[in-house]
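Here are my notes on this one, jotted down while going through the model. Have a look at the structure first, then the points below.

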Amino acid sequence: MKEILYNSTRGQEKGLTASKAILQGLAKDGGLFVPTEIPKLEASIEELSKMSYQEVAYEVMKLYFTDFTEEELKNCINNAYDSKFDTEEIAPLAEVEGAYFLELFHGKTIAFKDMALSILPHLLTTSAKKNGVKNEIVILTATSGDTGKAAMAGFADVPGTRIIVFYPDGGVSPIQEKQMVTQKGDNTYVVAIKGNFDEAQSGVKAIFNNKALAEEMDAAGFQFSSANSINIGRLVPQVAYYVYAYAKLYAEGKLTDGQKMNVVVPTGNFGNILAAYYAKNMGLPIDKLICASNENKVLFDFFKTGSYDKNRDFILTTSPSMDILISSNLERLIYKIAGNDAEKNSQLMKDLTEKGIYTITDEMKAELADFYGNYASEAETAAVIKDIYEKTGYVMDTHTAVARSVYEKYEAETKDENVTVIASTASPFKFTRSVMDAIDPKYDSWEDFDLVDELSKIGNVKVPNAIEEIRNAEVRHNNKCEADGMEAIVKKFLGM
Ligand SMILES: *Cc1c(COP(=O)(O)O)cnc(C)c1O
């Protein structure tokens, strides 16, 4: 098998093994690690169509993580995609009104981040072992709600790791807070900081960049690492479910070998859709990559004009995981369409930092022909939830509804008849209030858990464990600190 190494998109770091790139997370020059080339699938669609999710995941990941042994990688995969998921299929497809929802929400926290965060801890600890790292890995994360919980669920009780999550006190939804403060696992720590998300994020960055602290940590047998979405160990596992979806549709006779399919992805940080782009570049017959935004439509404007402009108001929507103005993973695409030119990419990223805007060349723009961008307003998002529910009984979450709405716009505009897979990124139970409000305004005055039970009834779906667990779960964390007290509390947790 061909060895794949990793380079920074900003050119200063080159030739790292996969395990080193995973351990490091972000490159020292601020760039993201990308594979020296995107490998081609070796297994045929026919072969893939007979495989389980775990087997497909191995077929994909072995091509990227070439310094892992077969045994190491299979262990990571089998520890990640197990009974933590509430279906053996791991990522099932549901056919609804002319398109297939690829349900990526059957993991521990009922959102698609589980697909990557259930394997990342295993990739990290394996990478540490391979590179002779003796220290315990301490994951630090600032969260506005979802990532923190998904990361904790992934790392809870994984030997050789600890995880500390900071969230803004009063800045997350009651359900999100309850999910976090009830988290089990002796290696998990949760802290509400008296400040907003940006302060939590800045505090975490300051701790990461504190050299003196890193030395103290090392002496005490610890080192920091990050679980955020720019880690290549989160991107690659996401490629697997697109391959799985295609193989599954082929197995069911919904596609013939080589027939093109479109994918629609509700997008924030651009990680999920980038994974689909990688799948396409591996040879999977994907035609259009349809990028769906909510009212924070930076990406729609970018695909239309070639200018990425974050200078605009930040809009709070009912699809909060897509309320993002800087899509970090887009940098990997920019680097690629610049012809893997780190200098060109660095200049654009510098423009973004300094002016909040950059513009790509016409030549680069021509490389984006496979992408189609559009967006859904709040009203359109709610209307799609209601419409599909009334026609079919299927209830989708708000993020998925943004994608469904954009799919309908694309169909109306192009009359494209390709088989289409819509990435369904969260369970409706995760955003019960917005979902139920969309179906009927009468639900506005209902209590949270009454809405949960009602959703279960009208959607004819069992309440997921993730929700059942927090209904009566015991609160295990009640730490609070000032924004400038984060370092002190980290040390306290680690007994330093
Ligand atoms: C994170 C998230 C997204 C956005 O995914 P990206 O990879 O950041 O583009 C969409 N929907 C949900 C529910 C999410 O949690």
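1. Starting with the ligand, and bearing in mind that this is a predicted model: the shell around the ligand is made up of 8 polar, 5 nonpolar and 1 charged residues. Of these 14 residues, the ones that come nearest are K113, G268, N269, N272 and T425.

2. The side chain of K113 puts an N or O atom 2.6 Å from an oxygen atom of the ligand. G268 uses its backbone instead, with an N or O atom 2.8 Å from a ligand oxygen. For T425, a polar side-chain atom sits 2.8 Å from a nitrogen atom of the ligand. The protein buries 96% of the 390 Å² that the ligand exposes when taken alone.

3. Next, helix 22, which spans residues 486-493 and has M486, I489, V490 and F493 as its buried residues. Looking down the axis, these fall within an arc of 105°, so they line one face of helix 22.

4. Just past the end of helix 22, G495 has a positive phi of about 65°.

5. Lastly, E447, in the loop between helix 19 (432-439) and helix 20 (448-459). E447 counts as exposed because its relative accessibility is 56%.

Conventions. Residues numbered from 1 in each chain as written. Predicted model: local features only at pLDDT ≥ 70, side-chain atom pairs only at ≥ 80, totals over all residues. Heavy atoms only, no water. Buried < 20%, exposed > 50% of the residue type's maximum accessible area, 1.4 Å probe, protein only. Helix = DSSP H or I, 4+ residues; strand = E, 2+ residues; numbered from the N terminus. Arc of directions from axis to C-beta. Near = heavy atom within 4 Å. Polar contact = N/O pair within 3.5 Å; in protein donor to acceptor, adjacent residues only side chain to side chain. Areas by Shrake-Rupley, 256 points an atom, 1.4 Å probe, with all protein chains shown as cover. Nonpolar A, V, L, I, M, F, W, Y, C, P; charged D, E, K, R; others polar.
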